[in-house]
Amino acid sequence: MGSDIFEVTVNALKLVTIFLVMVSLVPSLVWLERRGAAFIQDRLGPNRVGPLGLTQLAADAVKFIFKEEFVPAKAIKFMFYGAPVFALLPASLALCALPLGPIINIIPFEAFGQTWGPYIFSIQGYEASLGILFVLAASSLAVYPILMAGWGSGNKYSLFGALRGSSQIISYELAMGLAILGVILIFGTFNLNEMVTAQNGPLSFSAFDYSMTLSFLPNWGIFYQPIGAFLFLAAAFAESNRLPFDLPEGESELVAGFHTEYGGLKMNLFFIGEYGHMIVASALMVIFYFGGYLIPGVSPEQVTQFLSGFIDSQNMTAVLSGLIHLGAFSIKVFIFLWIFIHVRWSLPRFRYDQLMELGWKTMLPWALGNLILTAVIMAAIH
Amino acid sequence: MGGCVPLYAVIFITIFVTLFGALLLFAASKVGKVYKDKVKDETYECGIAVQDKVDTKISIKFYLTAILFIIFDIEIIFMYPWAATYKEFIASGNGLYSLGAMGIFMGVFIFGLWWEIKSKALEWE
Amino acid sequence: MTNEYFIAIMLLSPLVGFLINGIFGRGRWGGYTSGAIATFFALTSFASAAYLVFGLTELADGPRIISATFFDWITVDELKIPARFVVDPISAIMVLVVTGVGTLIHLFSIGYMHEDRGVTKYFSYLNFFLFNMLVLVTGDSLPIMFVGWEGVGLASYLLIGFWFNDEEKATAGMKAFITNRIGDAAFIIGMFILFFHFGTLEFEKINSLVPVGPTLSWLSPLTLGTLLLFIGATGKSAQIPLYVWLPDAMAGPTPVSALIHAATMVTAGVYMIVRLSFLFAAAPYTLMVIAIIGALTVVLAATIGLAQWDIKKVLAYSTVSQLGYMFLACGVGAFGAALFHLMTHAFFKALMFLGSGSVIHGMHHEQDMRRMGGLKKYLPITYFTFLAGWLAIIGMPPFAGFFSKDEILWQSFSSSNGHWIFWAIGVLGATLTSFYMTRLMALTFWGQERFDKKHHHPHESPYSMLIPLIALAVLSIVGGWLGIPHVISEVLPAHPANVLEHWLEGSLVHPIAATAVDGGHADHAALEWGLMGLSVGLALLSAVTAYVFYIVKPEIPKLLVQKLGQAYELVFNKYYVDEIYQRYILNPLVKASEDLWLYVDVRIIDKLTYVLTDMSIGTGKMSKAMQTGNIQTYALYIVMGVAIILTIFFGV
Amino acid sequence: MTAEVFLFWFLAIVTVVSALGVLFMPNPIYSAFSLIMTMIGVSALFALLGAYFLAGVQVIVYAGAVLVLFVMVMMLFDLKSEIKAFTKGTLGGVFKIGSVAVLAGLILSAIMVTTQGVAIKFQGQADFGMQPTRLLGNKLFTQYVIIFEILGALLLVVAVGAVALSRSKGGTHARRID
Amino acid sequence: MLAESISEIGLGHFLVLSMILFITGMLGVLLRKNILTVLMSIELMLNAINLSFVAYARSLNQLDGQIIVFFIMTIAAAEAGVGLALVVAVFKRFKEVNIRFFEHLKG
């Protein structure tokens with residue numbers, strides 16, 4: 001985990017920070033969602049506690065912790081308690097594998113009476129060389145908390161919700177996997193960092209020994225995989241059980257789905273997991289199709305050069321550049337999070353059979369078609 | 001041991017997250033008050049008298065969906081190494097071979113999908 | 001390398017056609033589609049055969065051979081049989097005849113069979129036959145030849161019984177198959193004897209092992225083996241005593257009769273002997289037997305042919321008789337002449353069968369000559385082509401049959417293995433042939449129209465049937481020019497060489513005693529001319545006689561029949577051979593089988609098997625206890641088995 | 001003790017303990033969750049051996065698909081914890097355990113013989129990048145392409161068979177015997 | 001010897017671990033009463049074999065072992081799918097998952 005104490009600490013802190021940021025993003029997202037919903041529905045939303053109702057978040061957190069701890073008599077204790085804890089895992093594991101910024105090169109420096117370094121840090125929890133595979137593997141585990149919760153509650157509505165939810169997740173995983181295949185075809189790698197680096201620079205096509213550069217557009221994946229991007233987005237909605245795909249918690253039929261029996265903090269943990277999925281999905285969207293942490297029109301080297309114009313320390317420049325890119329990444333992710341929220345309050349819910357039909361009979365064939373089209377075009381233009 | 005960093009990190013974050021959640025739950029259970037009540041302990045079914053058995057008729061469809069998912073998932077997994085090497089194959093002039101090999105496989109895949117759709121295995125009434 | 005591909009293409013393309021028609025075609029394709037497919041593959045085969053033979057002519061003199069070894073077919077101890085196929089001067093002729101005539105007959109069949117319900121099946125069988133015939137012809141060892149041998153037998157059986165709804169026809173198929181089986185058994189035994197003696201079955205290796213001098217003993221393996229092989233040949237090539245199946249085989253579709261039962265398959269026996277000439281040449285006793293059988297067959301079949309009314313039966317007996325000539329030629333050591341006659345016979349007999357097919361087609365499946373007559377007006381092209389075949393078969397110069405038949409006659413007279421009696425029988429046969437063939441012409445094409453004009457409207461056949469006829473007619477005319485005898489060529493302006501003799505030189509063995517006589521042919525020129533003239537003259541005379549009998553004065557035959565009475569009955573009933581076989585061979589066999597069944601099978605063998613079954617039932621009852629149905633117990637057995645195997649593995 | 005060694009022992013303990021969990025848990029659902037743990041552990045071991053792609057596939061296929069199916073089926077069956085997790089028959093049990101022990105001994109000695117104790121070390125450093133996966137893909141699509149296509153057909157057959165089976169009414173004549 | 005075998009990892013370690021998992025799975029197959037657990041134990045055995053294949057692949061520096069593991073996974077998934085389909089078909093009718101029950105399916 002690193003060669004010396006400094007590196008180990010930084011890496012560990014990175015992981016913890018990413019996780020904690022994810023956790024703490026949730027209240028703000030909830031606030032955003034409530035305000036956004038109110039805005040869409042021409043209401044005000046929470047606005048009493050603190051400025052713009054922002055302190056509502058803190059109040060909610062406190063309330064969650066102090067809520068009564070409640071376990072139904074029929075519940076299976078281990079499952080019942082385990083489910084919310086494990087609900088946190090897939091999203092955080094996946095999030096930690098995503099590249100959030102460029103690599104920071106630290107040249108040797110003096111501190112505490114000894115020389116440290118040189119180090120190479122990436123703004124990323126850990127760099128899994130087959131990043132996509134890791135993310136897919138992690139998110140494929142997301143079914144279990146749902147099943148555990150459904151089974152552990154000892155409630156038939158929970159069980160129904162869980163089965164529905166897991167069926168839905170696995171169904172859309174296929175379309176998602178196929179959509180990602182298009183991306184892999186284009187970039188020829190599983191590594192997320194390499195993907196992001198490949199999207200650097202202006203958009204340039206090369207076909208039949210003839211290349212064309214459109215300097216006003218960035219070299220983003222969306223221009224190569226427009227259908228794939230749309231399919232991925234739709235599948236991501238289903239994967240994170242968001243409207244219009246939130247069938248597992250269709251309250252008209254199933255009370256509240258698999259978390260019917262949950263309340264207080266346990267419920268909150270499920271929420272964190274769900275929003276975590278949303279964040280991961282948005283981040284993947286950005287990485288695959290929207291240039292990741294890259295700022296359109298400006299390469300990371302240019303940023304570093306620009307910064308070194310008025311900052312002496314090379315290390316400071318690197319860190320600052322990294323943070324700027326992290327900021328760019330966050331902005332892009334937030335745009336997608338807003339799309340998630342906006343869609344939730346704009347579209348009605350599917351019926352369950354419609355949902356399955358959409359997944360198997362529409363998205364799967366489309367994703368396949370997209371894949372074949374991509375492959376054929378790639379072979380043809382060579 | 002550069003290659004092991006992710007493994008360490010993954011194990012670390014797994015344990016950390018699990019502990020975080022567990023501790024949070026533990027803390028919450030200690031902080032809040034608990035009022036035990038027979039009716040409260042019952043399964044929540046919107047206030048209607050509880051139907052005792054959880055064992056109700058669960059549609060075989062869920063299971064069928066899962067089994068089809070396994071099969072298609074593996075077929076998609078098989079496409080991953082292909083997608084990763086496709087560029088290389090094209091560069092070495094064997095793009096059509098690779099496309100053909102996968103074309104046959106995909107033909108089988110599409111046939112399977114078509115058959116499932118046609119045989120109404122994917123129908124949810 | 002390319003030659004290997006071409007051999008593979010030649011062999012496999014009919015097989016491909018067979019598979020395509022056989023698997024996909026059933027009930028789906030009409031006659032034209034499947035016929036076109038089958039013909040295409042036959043043509044492909046012919047094209048590659050032609051390419052190969054052309055390549056063969058390009059090769060330098062000496063042992064000219066194109067071969068391809070595809071894989072090792074059988075490897076058991078000493079017995080090593082590679083799947084090796086060769087095209088050498090001998091098989092080249094056969095390959096060309098088989099694929100060439102085969103293609104023409106495929107083409108003919110399109111017109112002839114296209115309305116039949118099982119036409120796809122028919123064409124697939126035809127292609128199947130072609131494949132097996134090619135295997136027979138090109139195979140480079142006895143077992144491979146035998147595979148083809150059996151394959152063509154099967155194809156023949158299937159095609160004779162093609163209209164299996166008719167019991168008589170199905171029975172004819174079975175008769176052919178079973179009669180052939182007798183010959184095949186002898187063939188296999190002969191093969192075994194040769195293997196015992198030589199330790200190999202590949203032609204080349206046997207060739208190098210054959211002793212130099214002739215084997216003058218009846219019981220030597222060489223004589224016995226070749227005799228048994230010859231019995232096999234009598235079965236396939238319809239010689240005495242196994243000829244009875246061929247006339248019945250006419251139950252099959254006429255193109256099949258032309259291809260299988262006239263041009264190619266029935267000549268397989270002759271081909272086999274020619275192929276193994278080095279072996280037969282070393283066994284003079286066998287040659288003698290072959291010559292005698294051949295000569296007897298010539299006369300016997302020709303006499304039967306005199307009294308038949310069915311147009312196809314006449315041709316069938318004619319085929320038997322002509323095959324007798326070929327065996328006669330083999331018997332006197334004139335293998336080249338046998339092959340030559342085989343080739344020309346393939347042309348004109350196929351032509352005549354197809355011609356008769358055209359007649360039958362035109363007459364709406366009427367085969368009885370008594371209800372024909374005067375057809376030349378209605379079927380002009382068929383008539384003229386048939387005329388060429390007729391002239392060829394009665395041996396009129398310069399038609400093909402003349403040269404080959406004359407060659408055989410001369411050889412049977414002059415060769416050291418020959419004798420003037422053979423020559424005399426041959427000439428008698430030729431005279432008879434001339435008579436019944438003219439009779440056939442007269443009854444069919446000339447004279448009055450004896451058919452019912454209200455019901456029969458004879459019509460000329462479509463072009464797909466006429467083109468093969470014309471092609472074969474041309475071949476029947478010019479085919480003989482490949483082997484013009486020296487005495488004639490010396491007279492002719494350009495002195496055309498005997499192409500065939502030159503072509504086969506080195507591939508064929510002359511009987512060891514015969515070489516001495518061959519040298520001074522110039523002295524025999526006058527004799528040869530004389531004999532030639534005599535036989536042609538006799539044939540001509542007999543033809544005229546027949547014309548007089550059946551056209552000028554039709555009452556003479558009836559008178560003759562009354563006069564001859566008993567003799568006519570004998571001939572008309574084919575010497576009662578079928579009845580004799582039935583009475584003295586088949587019935588005793590059936591009786592013996594019944595006795596065997598009642599006494600040996602029921603009393604001894606069944607008892608034994610009951611004891612065995614009781615024993616196995618007992619064992620089963622004992623081991624039943626192990627089979628509980630409990631899956632985990634089974635798993636335990638697996639675990640124990642693996643443990644035991646591992647223990648043994650470590651122990652050793 | 002290098003990081004690799006520590007990871008190996010850690011993962012070995014995790015996998016073995018959870019494998020024993022599969023064997024001894026009375027409730028099949030807990031067995032299933034235990035098995036998931038084993039699968040993930042084995043996947044981590046794959047990663048330790050440099051087989052990153054397989055590690056991912058292991059989790060996606062086994063943990064993410066096959067065991068989901070198992071768990072779903074169990075929930076479908078509504079199985080309660082079993083009073084007796086093992087089949088009846090003490091003598092048979094002893095026999096089974098004995099045979100397995102013998103087999104285990106044999107396998108162990110085989111391993112010891114072939115690897116000479118622990119003398120065989122891994123050569124070189126495993127490549128942790130994208131390269132092995134590319135090579136794997138290359139090999140899969142050249143040398144093993146026939147098997148690959150056959151497996152495609154097999155999966156089709158399984159899909160069809162599973163659908164057919166799920167529609168069967170279960171019409172045999174077996175009696176219910178307790 | 002012991003200390004060394006703890007502090008250094010080689011092919012043998014992975015093979016022994018694989019064997020332990022395999023034996024555990026085998027005991028599960030032989031002893032468990034529930035057919036579902038038996039199926040899971042089979043999966044466990046397959047996993048153990050996979051592990052040794054990958055260890056050998058690493059040891060021999062060849063990728064063939066990994067490809068075979070890939071294939072085994074496919075087969076295992078197919079086997080699980082069909083096996084569970086059968087179990088479900090039996091359960092739907094007889095409500096029984098005891099492995100001993102399957103004895104009575106004969107005839």
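**Figure 1. C:Tyr575 in the loop between α25 (566-572) and α26 (577-624) of chain C.** Helices are DSSP runs of H or I with at least four residues, strands are runs of E with at least two, and numbering starts at the N terminus. This is a predicted model, in which local features need pLDDT of at least 70, side-chain atom pairs count only at pLDDT 80 or more, and totals for chains, interfaces and linings use all residues. Residues are numbered from 1 along each chain as its sequence is written, while chains are lettered from A and ligands numbered from 1 in the order in which they are written. C:Tyr575 is not a glycine, yet its phi is positive, at about 60 degrees. With 13 other C-beta atoms within 10 Å, C:Tyr575 is partly exposed. The C-beta atoms are placed from the backbone; 20 or more others within 10 Å make a residue buried, 12 or fewer make it exposed, and counts in between make it partly exposed.

**Figure 2. A:Asp42 in the loop between α1 (5-40) and α2 (56-66) of chain A.** A:Asp42 has a positive phi, near 60 degrees, in a residue other than glycine. There are 6 other C-beta atoms within 10 Å of A:Asp42, so the residue is exposed.

Figure 3. C:Pro241 belongs to the loop between α8 (221-237) and α9 (245-248) of chain C. C:Pro398 is in the loop between α16 (380-393) and α17 (400-414) of chain C.

**Figure 4. Chain C, with 27 helices and two strands.** How many of the 652 residues of chain C count as buried? The share is 50%. Two residues are in contact if their C-beta atoms, placed from the backbone, lie within 7 Å. Taking contacts in chain C between residues at least 6 apart in sequence, 81% join residues at least 24 apart. The predictor's confidence in each residue is the pLDDT, on a scale from 0 to 100. Chain C has a mean pLDDT of 86, and 97% of its residues reach 70 or more. In residues 512-521 of chain C the pLDDT is below 50, and this stretch has 16 contacts in the model beyond near neighbours in sequence. For the complex, the predictor gives an ipTM of 0.79 and a pTM of 0.64.

**Figure 5. D:Leu67 and D:Leu69 in the largest nonpolar core.** A nonpolar core is a set of buried Ala, Val, Leu, Ile, Met, Phe, Trp, Tyr and Cys residues joined through C-beta atoms within 7 Å. The largest such core has 271 residues, and D:Leu67 and D:Leu69 touch the most other members. Helix α3 (residues 52-77) of chain D gives the most to this core, with 23 residues. Neighbours within four places in sequence aside, D:Leu67 is in contact with D:Ala32, D:Leu35, D:Ile36, D:Met39 and D:Tyr62. Another core, of 199 residues, lies apart from the largest one; its members include C:Leu104 and C:Ala543.

**Figure 6. The contact of chain E with chain D.** On this interface, 67 residues of chain E are in contact with 76 residues of chain D. On the chain E side, α1 (2-7), α2 (11-31), α3 (35-60) and α4 (64-94) each supply at least two residues. Which helix gives the most to this side? It is α4(E), with 22 residues. By class, the chain E side has 41 nonpolar, 17 polar and nine charged residues. Here Ala, Val, Leu, Ile, Met, Phe, Trp, Tyr, Cys and Pro count as nonpolar, Asp, Glu, Lys and Arg as charged, and the others, Gly among them, as polar.

**Figure 7. The contact of chain B with chain D.** Chain B has 40 residues in contact with 41 residues of chain D. The chain B side draws at least two residues from each of α1 (5-31), α3 (60-91) and α4 (95-118). Its largest share, 20 residues, comes from α3(B). The residues of the chain B side divide into 30 nonpolar, five polar and five charged.

**Figure 8. The helix pair α3(E) and α4(E).** Two packed helices are described by the angle between their axes and the distance between the axes. The axes of α3(E) and α4(E) come within 9 Å and cross at roughly 175 degrees. The two helices, α3(E) and α4(E), are therefore roughly antiparallel to each other. Axes are lines fitted to C-alpha atoms, for helices over the stretch in contact, and angles run from 0 to 180 degrees between N-to-C directions. Angles under 35 degrees count as roughly parallel, over 145 as roughly antiparallel, 65 to 115 as roughly perpendicular and the rest as oblique. Among the residues that make the contact are E:Leu39 and E:Phe53 of α3(E) and E:Ile72 and E:Ala80 of α4(E). By class, this contact has 17 nonpolar, four polar and two charged residues.
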